[in-house]
Amino acid sequence: MLDLHAVCVSSISHGFLQQSPGLKMSFQCSICLDVFTDPVTTPCGHNFCMVCLREFWNSSSHCQCPVCKEETAYKW
Ligand SMILES: [Zn+2]
Ligand SMILES: [Zn+2]
């Protein structure tokens, strides 16, 4: 399985996103609908900006994935 976090970070740092706009969706956060600024991967395999995920979890009592509602014990 691909390590999406590593892929995101290396792609962004190499300017890969500007050269390949078709791949932009793969790096889009489901909360802010923008390209990840500081991507994190939940155990269920979804990706979000670290800030977005923190804000989402701060506004709810459960640490759930905003997409599939799977509970996670992780806190970043
Ligand atoms: Zn975001
Ligand atoms: Zn999920």
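1. Confidence overall. The chain has an average pLDDT of 75, and 61% of its residues reach at least 70. This is a predicted model, and the points below should be read with that in mind.

2. Strand S2, residues 47–49, has the highest confidence in the chain, with a mean of 93. H2 has the lowest, with a mean of 45. Helix H2 covers residues 16–19. Over residues 10–24, pLDDT stays under 50. For that stretch the model has 7 contacts beyond four places in sequence.

3. Architecture. The chain holds 3 helices and 2 strands. Read from the N terminus, the order is α-α-β-β-α. Strand S1 spans 39–41, strand S2 spans residues 47–49, and helix H3 spans 50–58.

4. Burial and contact range. The chain has 76 residues, of which 12% count as buried. Take the contacts between residues at least 6 apart in sequence: 28% of them join residues at least 24 apart.

5. Cys52. This residue sits in helix H3. Is Cys52 buried or exposed? Cys52 is buried, because 21 C-beta neighbours lie inside 10 Å and the cut-off for burial is 20 or more. Setting aside neighbours within four places in sequence, Cys52 contacts Cys29, Ile31 and Cys32. Asp38 is 14 residues from Cys52 in sequence. The C-alpha atoms of Cys52 and Asp38 are 9.4 Å apart.

6. Leu33. The backbone deserves a look here. Phi of Leu33 is positive, near 55 degrees, and the residue is not a glycine. Leu33 falls in the loop between helix H2 and strand S1. Leu33 counts as exposed because it has 8 C-beta neighbours inside 10 Å, and the exposed class takes 12 or fewer.

7. Lys69. Here too the backbone is worth checking. Lys69 is not a glycine, yet its phi is positive, at about 65 degrees. Where does Lys69 lie? Lys69 is in the segment after helix H3. With 9 other C-beta atoms within 10 Å, Lys69 is exposed.

8. In brief. Cys52 in helix H3 is buried, whereas Leu33 and Lys69 are exposed. Positive phi values occur at Leu33 and at Lys69. Residues 10–24 stay under 50 in pLDDT.

Terms used
Residues are numbered from 1 along each chain as its sequence is written. Chains are lettered from A and ligands numbered from 1 in the order in which they are written. This is a predicted model: local features need pLDDT of at least 70, side-chain atom pairs count only at pLDDT 80 or more; totals for chains, interfaces and linings use all residues. Helices (H or I, at least four residues) and strands (E, at least two) are DSSP runs, numbered from the N terminus. Two residues are in contact if their C-beta atoms, placed from the backbone, lie within 7 Å. pLDDT is the predictor's confidence in each residue, from 0 to 100.
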